[in-house]
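This report describes how selected parts of a protein chain are arranged. Please examine the sequence and the structure before reading on.

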Amino acid sequence: MRLFFALGLDEKANQAARDRLVRYNHHLFGVGRAVPDQNLHLTLAFLGEVPDTKLPALQAAASNLDLPAFSLTTSGVEIWEQPKIACVTFNQPPSALFELANHLQTLSVWPAKADSHAFTPHITLRRGVKDDNALDLPTLPAQTFACQQFGLYASPSSASDESIPRDNEGRALYQCLHQFSLC
């Protein structure tokens, strides 16, 4: 199964900020495919295809991390020409976020897929956005998220699999397999 570690940003403390982000995403007009509301997240480490047999070891390794909780404050929305997304960016992300991502990307049991760029925290709102003029981007009011946990998520690897949970528009939803607490 295709796995990744992420901040789901769905703790109760974040409900109001997440709801505002969802409403903002619904009001974007222009080119691109909106990410389903339930799939909004901040990827920490993309692991790729991982055998089911490695799942217990991954969960154990992530459970052993002793890292602090932190807060993130959004700074705005940007269009990134590669990989053609509209995404929320953050104002001065804390070093604890980078430390968490680094630990998860370098787990000895299954290191993350090599990436061509440095970890840049963001939440993807839309995919297939070609340039700055493709989307009307109203100002996003700053939202602060309390990051007290992270999760191990499964991403559907086959769009035609009927067993995959879907939203009301038929888009595949990520499944959180396990949550881990930050100190």
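In this predicted model, five strands form an open sheet in the order β3-β7-β6-β5-β9, and their pairing is antiparallel.

| Element | Residues |
|---|---|
| Strand β5 | residues 70–80 |
| Strand β6 | residues 85–90 |
| Strand β7 | residues 123–127 |

Strands β5 and β9 pair in the antiparallel sense over four bridges. Within this pairing, Thr73 has Thr144 of β9 as its bridge partner.

A helix accompanies the sheet. Helix α1, comprising residues 15–26, lies across β3, β5, β6, β7 and β9.

Where is Asn14 placed? Asn14 belongs to the loop between β1 (2–7) and α1. Is Asn14 buried or exposed? Asn14 has a relative accessible area of 1% and is buried, because buried means under 20%. When neighbours within four places in sequence are left aside, Asn14 is in contact with Leu9, Thr144, Phe145 and Ala146.

An unreviewed UniProt entry lists residues 31–83 as "domain: Phosphoesterase HXTX". In the model, the chain over residues 31–83 is 17% helix and 40% strand. The end C-alpha atoms of residues 31–83 are 14 Å apart.

Key: Residues are numbered from 1 along each chain as its sequence is written. This is a predicted model: local features need pLDDT of at least 70, side-chain atom pairs count only at pLDDT 80 or more; totals for chains, interfaces and linings use all residues. Side-chain values use heavy atoms; hydrogens and water are left out. Two strands pair if DSSP finds at least two bridges between them. Helices (H or I, at least four residues) and strands (E, at least two) are DSSP runs, numbered from the N terminus. Contact means heavy atoms within 4.5 Å. Axes are lines fitted to C-alpha atoms, for helices over the stretch in contact, and angles run from 0 to 180 degrees between N-to-C directions. UniProt positions are given in the numbering used here, feature names are shortened, and annotations may be inferred rather than shown by experiment. Buried means under 20% relative accessible area, exposed over 50%, partly exposed in between (1.4 Å probe, protein chains only).
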